Amino acid sequence: MSTITLCLNSQWQGCESKILATGSQKLASFLFETKPYLTMKQINSNSLKVTNGVYALDVLSEGFVDTLNSLKDSDTSKIMTVGATCDTELAPVSYLNHLYDGEMAVLWFDAHGDLNTPESSPSGHFHGMILRTLLGEGPEEFCKHIERPLFSSQVFMAGIRDLDETESEYIDGSNITVGLVDNDLVELIISAGFSKVYIHIDVDVLNPKDFKDMLMHTSGGPTCEELTQCLSSLSKKLDIVGLGVVEYCGKQKESALKIKQMLQNSGVMDNLDLDK
Ligand SMILES: [Mn+2]
């Protein structure tokens, strides 16, 4: 029997915007309502120093190991995370990819690639390195705890439109699939042989003309309705084993409702056994 674990991870030091911690807390209580959820330990350190090219590396690596251990203790088979920054996906994706032995696709809805290394990153912010780390190329402090890195053939990206040059080169030399936020996306995943999917939603994938409560406004991208349609086709044909919703600022009350409606109307909540 599948069990789902709900998580709030407010670790915000993957960039330097503390507002994402507050945003994640507001969104988790709104989405999870009265359901019990795990609150991941938030490491607070004032040093926030750059180590080996990564801002707050010590804080982030300690938080990652703590979260990974919590998930292992929970012995869960599905995870939904509301996280502050993109790097809060590191523990749930690592845990599930090990559990399912690589038999899951990872679908990255994001305006960005998150494929930098400490050497190529313009900012040193770890939230821009998370997917590359999951692929096994990241700081040793994280990689040594990832039992099964992703193969690039597991990764599907949609909505990306703000890539650094080195990220584009990396994608071109990999087996990552880049698709559109539409109904064909599910067919790309199925024809690659996957029936399970982990879905990452950085809310900056959305068109800022339609949704404004994200940290990094990036012009273009799908409307809430378009993303709902795409999620709906995924929900109908795939087993969603994990979901992460990240980088939400929580400045407007109605924006949390928009996210909830997308997840409910598309059937994602149902697929995760959360609408019972
Ligand atoms: Mn992003």
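Which residues does Leu107 touch, not counting residues up to four places away in sequence?

**View 1. Leu107 and its contacts in the predicted model.** Leu107 touches Phe156, Ala158, Ile189, Val197, Tyr198, Ile199 and His200 when residues up to four places away in sequence are left out, a contact being two residues whose C-beta atoms, placed from the backbone, lie within 7 Å. This is a predicted model, in which local features need pLDDT of at least 70 and side-chain atom pairs count only at pLDDT 80 or more, while totals for chains, interfaces and linings use all residues. Residues are numbered from 1 along each chain as its sequence is written.

**View 2. Helix H3, residues 90-99.** Nine of the 10 residues of H3 are buried, which requires 20 or more other C-beta atoms within 10 Å of a residue's own, with C-beta atoms placed from the backbone. Among them are Leu90, Pro92, Tyr95 and Leu99. Helices (H or I, at least four residues) and strands (E, at least two) are DSSP runs, numbered from the N terminus. After H3 comes Asp101, which has a positive phi near 55°.

**View 3. Strand E1 and its partners.** Because five of the six residues of E1 (residues 4-9) are buried, this strand is largely enclosed by the rest of the structure. E1 pairs with E5 (residues 78-83) in the parallel sense over six bridges, pairing being assigned if DSSP finds at least two bridges between two strands. Ile4 has Lys78 as its bridge partner in E5. E1 also pairs in the parallel sense with E2 (residues 38-39), over two bridges, and there Leu8 has Thr39 as its bridge partner.

Terms used
Buried ≥ 20, exposed ≤ 12 C-beta atoms within 10 Å, placed from the backbone.
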